Amino acid sequence: MVASELQKPTKKNRGFYVKMRILHKGRQPEKNLFFKYYQWLLWFSFTLYLLTSFFVTNKPIPLSKTPVFGSKFSLASHVLFEPVNKTSQQSKLKNPATFKDLKIYIYGLSPEYNENWVSNKRCSNHLFASEVAIHRALLNAYDFRTFDPNEADFFFVPVYVSCNFSTVNGFPDIGNAPSLLFSAIQLISTNYPFWNRSRGSDHVFVASHDYGACFHAMEERAIDSGIPEFLKNSIILQTFGVNYKHPCQEVEHILIPPYITPESVRKTLEKAPLTGNRDIMVFFRGKMEVHPKNFSGKFYSKRVRTEIWRRYKGDKRFYLQRHRFTGYQSEIVRSVFCLCPLGWAPWSPRLVESVALGCVPVIIADGIRLPFPSAVKWAEISLTVGERDVGKLGKILEHVAATNLSAIQRNLWDPAIKHTLLFNDLMEEGDATWQILVSLYKKLDRSYRKSRVSSQ
């Protein structure tokens, strides 16, 4: 609704209007005073109940602070995707002293930018689905979320760019991501003042793809494309990260884990407990090309997976499978070591699945950076093997099994570790979305509001 369409409240639409009438036959003068009193009491009680219920279950923006920008995106944006029943849906968390009233505003973009994509259930369940999960968690985190953008430290822009699945190969077609994001930025910069005043430095986006905000699955093409100019001043939540200079991380960013559904982990652990029997020593299921294809001089997984298959396919210590199996998590929970080799990108969802299901991750991806290092002591729960040392895997894992395996498993099986890497629709203290807020709090120097307050 634009400003010109706003109507002055009338008796028909002014808040809660209750008209009550008590019907009775005939005249009863002796009870007239009693009935008037009784009618007034009922009316007052019922009105008080409705008003109280309304203000308890809603957190309206103070009208004095509500900016009107003459657009359908401004006036009602904060209610576009809110849960119907806030009291039952909202996260039970309180804003802790750690965050000192950190506040995030969520732009209420129209559904074609986000919610319409979720009609395909795969959108909210695949390995890039953290863009959906983070949005849902923030929507429900009312102690961290503000409905008044003037009170916000950061602005979350909920655009789902990974749900346009190719009809040819079924993979997400992220080629449309830059144009979709640019369209969203045009809308918010036109209808709100907040992007322009900070040039987007306090705005947060999710890029949960192979090479983050470079938006291409092939590294060479991703580097050529680079990060779109309009995103270079913002904060990117991305799964891609390496410990050397790389064009696809030359932006302010927070490294996040790939998405694994908490429900799938819970169901798997109900059937096979974390500390149960593990009869598979080394496990890997996934793409392992016997004759890897040459893509302009580049090979999938840098031939690491091919080498694993060639060397260990007949080794009884290794359970290697090249074909898909929907129940593969039941194999992970039976395994001692789970191989996590690079694919096209260095990161893999196997990393989170291995940790969540108690299998020691064996990371084979040179230079990879891992998410939330302050909360997860990766060196204490995983093994890192150089890509060139794949031929020594058997000896390395045998040595670990004979020496410090029990110490690694004890650290790995701490419930807090699994919790840190999983996204929940209702954010929980310590989970993946919580860790993102911790990281954002450390970037408060980018908050326009905080900088204005401190300068006064």
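**Notebook: cysteines and the sheet**

I began with C248, which counts as buried at 0% relative accessibility. The model is a predicted one. The partner of C248 is C214, and their sulfur atoms sit 2.2 Å apart in a disulfide. C214 is buried too, with a relative accessible area of 3%. I read -110 degrees about this S-S bond, a left-handed link. The pair joins distant parts of the chain, 34 residues apart: C214 is in the loop between β3 and α7, C248 in the loop between β4 and β5.

Next I searched the whole structure and found three disulfides. C123 and C163 form one of them, with sulfurs 1.9 Å apart. Their link is right-handed, at 70 degrees. C123 lies in the loop between β1 and α4 and C163 in the loop between β2 and α5, so the pair ties together parts 40 residues apart in sequence.

C338 and C359 are also joined, S to S 2.2 Å. The torsion is about 110 degrees, so this disulfide is right-handed. C338 is in strand β10, whereas C359 is in the loop between α11 and β11. I checked C340 as well: it is in no disulfide, and the nearest cysteine sulfur, that of C338, is 6.6 Å away. C340 counts as buried at 3% relative accessibility.

Five strands form an open, parallel sheet in the order β9-β6-β10-β11-β12. β9 and β12 are the edge strands. Helix α13 packs on the sheet and touches β6, β9, β10, β11 and β12. Its direction makes about 140 degrees with that of β10. Helix α14 lies across β10, β11 and β12, at about 100 degrees to β11.

Methods:
Residues are numbered from 1 along each chain as its sequence is written. This is a predicted model: local features need pLDDT of at least 70, side-chain atom pairs count only at pLDDT 80 or more; totals for chains, interfaces and linings use all residues. Side-chain values use heavy atoms; hydrogens and water are left out. Two strands pair if DSSP finds at least two bridges between them. Helices (H or I, at least four residues) and strands (E, at least two) are DSSP runs, numbered from the N terminus. Contact means heavy atoms within 4.5 Å. Axes are lines fitted to C-alpha atoms, for helices over the stretch in contact, and angles run from 0 to 180 degrees between N-to-C directions. A disulfide is a pair of cysteine sulfur atoms within 2.5 Å. Buried means under 20% relative accessible area, exposed over 50%, partly exposed in between (1.4 Å probe, protein chains only).
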